[in-house]
Amino acid sequence: RDLEADMRVAFAGGQFALHYQPLHRLDTDAIAGFEALLRWHHPERGNVPPDVFIPIAEQSGLIVQIGEWVLREALAEAATWPKDLTVAVNVSAAQLRGGELLRQVVSALSTTGFDPRRLELEITETMLMEDSEAQLRLLHRLRALGVRIALDDFGTGYSSLNYLRAFPFDKIKIDRCFVTDLARNDESGAIVEAVLELAAKLNMQTIAEGVEDTEQLARLRERGCEQVQGYLFSRALPASDLPIEKISRK
Ligand code: G
Ligand code: G
Ligand code: MN
Ligand code: NA
């Protein structure tokens, strides 16, 4: 059997789960929220990495249904967290196509009663390439609901700067490739610095992904990055393992 057939079975059979990775504020050192990351535990293959199954789900169109489940599941979970925590949800191009995403978000918000201002949708530059006029209109409508829009994997797609001009993103997620060698590579440092400056001027929040050591953290802190995410703090954890108790006691 192929992975696509297995994925249909998996989806119907509850083999998918969401894990959550904390997003840390650098000003107060508090957790600002969590990014929901999809996980698939296959009964025979074990854990199948999202890098493997998400492209297949996208090609087959199954990602539309899976994405709808992800939204509902993430919002239902986040509704149990302290009221100041946000949840970030990754969305795929296929959800944006045909306006499906708007319907899915409206539905998930109303089912869960979740505050739209606590929801961040993560989209990538590549998603905006297909039919950017229609995509941008849809993003504006989502934003009008109060939902925040983050530009994920920033710096790895095409014409990044053009998208920054075309759409007022709420947040820029600096891709981990720029963070990885931040301490050893002057070019990465210069790029991160320039992106942070640009984001500040455009009134966009910033988060750096893939922070794995204290040296990277120090560089990001001194350059004024607002939030960080990475294995230095935590991997993505099952909902039942989140440090929510500790957060609410702060
Ligand atoms: O969790 P991990 O770093 O392995 O995720 C790998 C890739 O899968 C990332 O690009 C991430 O954005 C994507 N991904 C994870 N969860 C979801 C999801 O729920 N929906 C979509 N569309 N992509 C996801
Ligand atoms: O593309 P996106 O940014 O949504 O993907 C996030 C991915 O990055 C997830 O698969 C997550 O597991 C992974 N990730 C998160 N923190 C780190 C980190 O510190 N190092 C590495 N190598 N990967 C990370
Ligand atoms: Mn992401
Ligand atoms: Na990313």
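**Ground rules.** I noted that this is a predicted model, in which local features need pLDDT of at least 70, side-chain atom pairs count only at pLDDT 80 or more, and totals for chains, interfaces and linings use all residues. Residues are numbered from 1 along each chain as its sequence is written, while chains are lettered from A and ligands numbered from 1 in the order in which they are written.

**Strands.** I reminded myself that helices (H or I, at least four residues) and strands (E, at least two) are DSSP runs, numbered from the N terminus.

Asp170 sits in the loop between α7 (160–166) and β7. Is Asp170 buried or partly exposed? I found it partly exposed, because 15 other C-beta atoms lie within 10 Å. The scale I used is this: 20 or more other C-beta atoms within 10 Å is buried, 12 or fewer is exposed, and in between is partly exposed, with C-beta atoms placed from the backbone. Leaving aside neighbours within four places in sequence, Asp170 is in contact (C-beta atoms, placed from the backbone, within 7 Å) with Arg148, Ile149, Ala150, Met204 and Gln205.

**Two positive phi values.** Asp29, in the loop between β1 (16–25) and β2, has phi near 65 degrees, a positive value in a residue other than glycine. Asp29 counts as exposed because it has 7 C-beta neighbours inside 10 Å. Asn203 also has phi near 65 degrees, and its place is in the loop between α9 (186–201) and β8. With 9 other C-beta atoms within 10 Å, Asn203 is exposed.

In soluble globular proteins, nonpolar side chains tend to be buried together. Here I found that the largest nonpolar core has 63 residues, and Ala36, Ala74, Val87, Val89 and Leu121 have the most contacts inside it. Helix α3 gives the largest share of this core, seven residues. A nonpolar core is a set of buried Ala, Val, Leu, Ile, Met, Phe, Trp, Tyr and Cys residues joined through C-beta atoms within 7 Å. Not counting residues up to four places away in sequence, Val87 touches residues including Phe34, Ala36, Ala74 and Leu119.

**Ligands.** I counted a residue as around a ligand if its C-beta atom, placed from the backbone, lies within 6 Å of it. Among the residues around ligand 1 are Leu37, Pro49, Asp51 and Asn90. Which element gives the largest share of this shell? It is α2, with three residues. By class, the shell has eight nonpolar, three polar and one charged residues. For these classes, Ala, Val, Leu, Ile, Met, Phe, Trp, Tyr, Cys and Pro count as nonpolar, Asp, Glu, Lys and Arg as charged, and the others, Gly among them, as polar. Ligand 2 is surrounded by 15 residues, the closest being Asn90, Gly210, Glu212, Gly230 and Tyr231.

Methods. Contact = placed C-beta atoms within 7 Å.
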